[in-house]
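Reader: I'm new to this one. Could you show it to me and walk me through it?
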Amino acid sequence: MTGLVLTAGGARGAYQAGVIKRISELPSLRNKPSPFKIIAGASAGAINGAALAASNSNFAEGAALLARLWSQLTFSDVFRTDASALARTGSKLALDMAFGGLIGGGRVDALVDSTPLRSFLGRHLNFDGIDEAIAKGDLYAVAITATGYHSGKAFTFVQGVPGVPLWNKSRRVALAAPLTLDHVRASSSIPIVFPPVPLAAGTSVAYFGDGALRLTTPLSPAIRLGADRLFAIGVRCQESADSLLRSELSADAELVAELQRPPLAQICGVFLNAIFLDHLDADLDHLKRMNELVRNGAVMSRSKLSEPMRVVEPLAISPSADIAIIAKTLAHRMPRAIRYLMDGLGTPDAQSADLTSYLLFDRAFTSELIQLGYRDAAQRIDEIEYFLVQQRPERRKR
């Protein structure tokens, strides 16, 4: 089975919609179900994954829904941007910080009121479609991961065929559940920015936040569900990351001089990068090493393994352009009150404007990312089509 892995990234999730849109235009997939029997997502990837799973019997329809969802997005669809709402949050936060030691704190659990997001997602996501796709055999399982704010574990909520694999590890738990709007909201609730979301977990109700917080191995849910091929869509430009590293390691006096003391906005961006962007590359490297071990027979015999190992073929695609720079050019489109607050955190250099790129829920920005994803997929469409559609060589020989 082929699995689709959709990573986190806030507003950067629009890039994934562009990639999916181009893939859906393949003649070999026209009027057919999705090529992905397993879908696993976290954070923004949970939104995209739920939308695709609900339309898995009609891949083109699901892709069009994703593109429409992101291209129409505005700030007011995600959180309240009016001055009164922000002022109330600010006054509570100021009260907690100034007098919390005397009168107790905890009045604020998030920086913004994300009530509008529930209505927005409710208008676009039809969860009944997931059951229909499973019943038709077009979908094996869909998995959405959220982070438990009490245990600190990654909870993967799975809806799939009867008997779908589940697991309970030291840091990861999988629970069978009919997926709902609140599962998606919990998984996409960026820590500190958005409030925790209550969800049923077993026989209790617990509070959850962004799935990327503790999901350090984003490929794992799809692999555990049985995927033997994985198509992953990241949201980080590797070339840009390498360029920044070269600047930090460079002995060139001019480049060193350009590295200024980072403002708080830049530090926050790196913090979110650590949550959203860094895990996929590391997990892909780990998977490739494990594949080499399995191919070379350098692992224990299957009879001695509690979890038999197999080769899982990956294909990943990520942005060819620096999304942070795109965000920097469109930062003026943020609501005035939000822009005012962010200006107070300092101005990072253009390549490090990552904080803005996660929070720029604006159709001009998301449309740019859809187009970027579309172009990147078009550049590799033959490779992608062979991976998703063509028979593998070993099967052709039969």
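Author: A word on the records: UniProt positions are given in the numbering used here, feature names are shortened, and annotations may be inferred rather than shown by experiment. This is a predicted model, where local features need pLDDT of at least 70, side-chain atom pairs count only at pLDDT 80 or more, and totals for chains, interfaces and linings use all residues. Residues are numbered from 1 along each chain as its sequence is written, and side-chain values use heavy atoms, with hydrogens and water left out.

Reader: OK. Where does UniProt place the "active site"?
Author: The unreviewed UniProt entry places that feature at Ser43 and Asp210. They are spread over 168 residues of sequence but cluster in space, with a largest C-alpha distance of 5.6 Å.

Reader: Which of these residues is in the lining of the largest cavity?
Author: Ser43 is included in that lining. On a 1 Å grid over the protein atoms alone, a cavity is a set of points where a 1.4 Å probe fits but cannot get out, and lining residues have an atom within 4 Å of a point.

Reader: Is Ser43 buried or exposed?
Author: Ser43 counts as buried because its relative accessibility is 1%. Buried means under 20% relative accessible area, exposed over 50%, and partly exposed in between, using a 1.4 Å probe and protein chains only. Asp210 also counts as buried, at 0% relative accessibility.

Reader: What about the phi of Ser43?
Author: Ser43 has a positive phi of about 60°, although it is not a glycine. Most residues other than glycine have a negative phi. Asn31 has a positive phi too, near 55°. Asn31 is in the loop between α1 and β2 and is exposed, with a relative accessible area of 75%.

Reader: Let's zoom out. How many helices and strands are there?
Author: The chain has 19 helices and nine strands. Of its 398 residues, 50% are buried. Among contacts with a separation of 6 or more, 75% are between residues 24 or more positions apart.

Reader: How many residues of α1 are buried?
Author: Ten of the eleven residues of α1 are buried, so this helix is mostly covered. Among them are Tyr15, Gln16, Val19, Ile20 and Arg22.

Reader: At what angle do α3 and α17 pack?
Author: Helix α3 (residues 59–71) and helix α17 (residues 363–379) pack at about 145°, with their axes 8 Å apart. Axes are lines fitted to C-alpha atoms, for helices over the stretch in contact, and angles run from 0 to 180 degrees between N-to-C directions.

Reader: Which residues make that contact?
Author: Ala67, Trp70 and Ser71 come from α3, and Arg363, Thr366, Ser367 and Ile370 come from α17.

Reader: What covers the buried residues of α3?
Author: The cover includes α1 (14–24), α2, α6 (115–124) and α17. The buried residues of α3 are Phe59, Gly62, Ala63, Leu65, Leu66, Ala67, Leu69 and Trp70.

Reader: One last topic, Arg80. Where does it lie?
Author: Arg80 lies in the loop between α4 (75–78) and α5 (83–103). Arg80 counts as partly exposed because its relative accessibility is 28%. Arg80 and Val112 are 32 residues apart in sequence and 6.9 Å apart in space, C-alpha to C-alpha. Not counting residues up to four places away in sequence, Arg80 touches Ala85, Leu86, Arg88, Asp113 and Pro116.

Definitions and conventions: Helices (H or I, at least four residues) and strands (E, at least two) are DSSP runs, numbered from the N terminus. Contact means heavy atoms within 4.5 Å. On a 1 Å grid over the protein atoms alone, a cavity is a set of points where a 1.4 Å probe fits but cannot get out, and a pocket is an open set with protein on both sides within 12 Å along at least five of seven lines; lining residues have an atom within 4 Å of a point.
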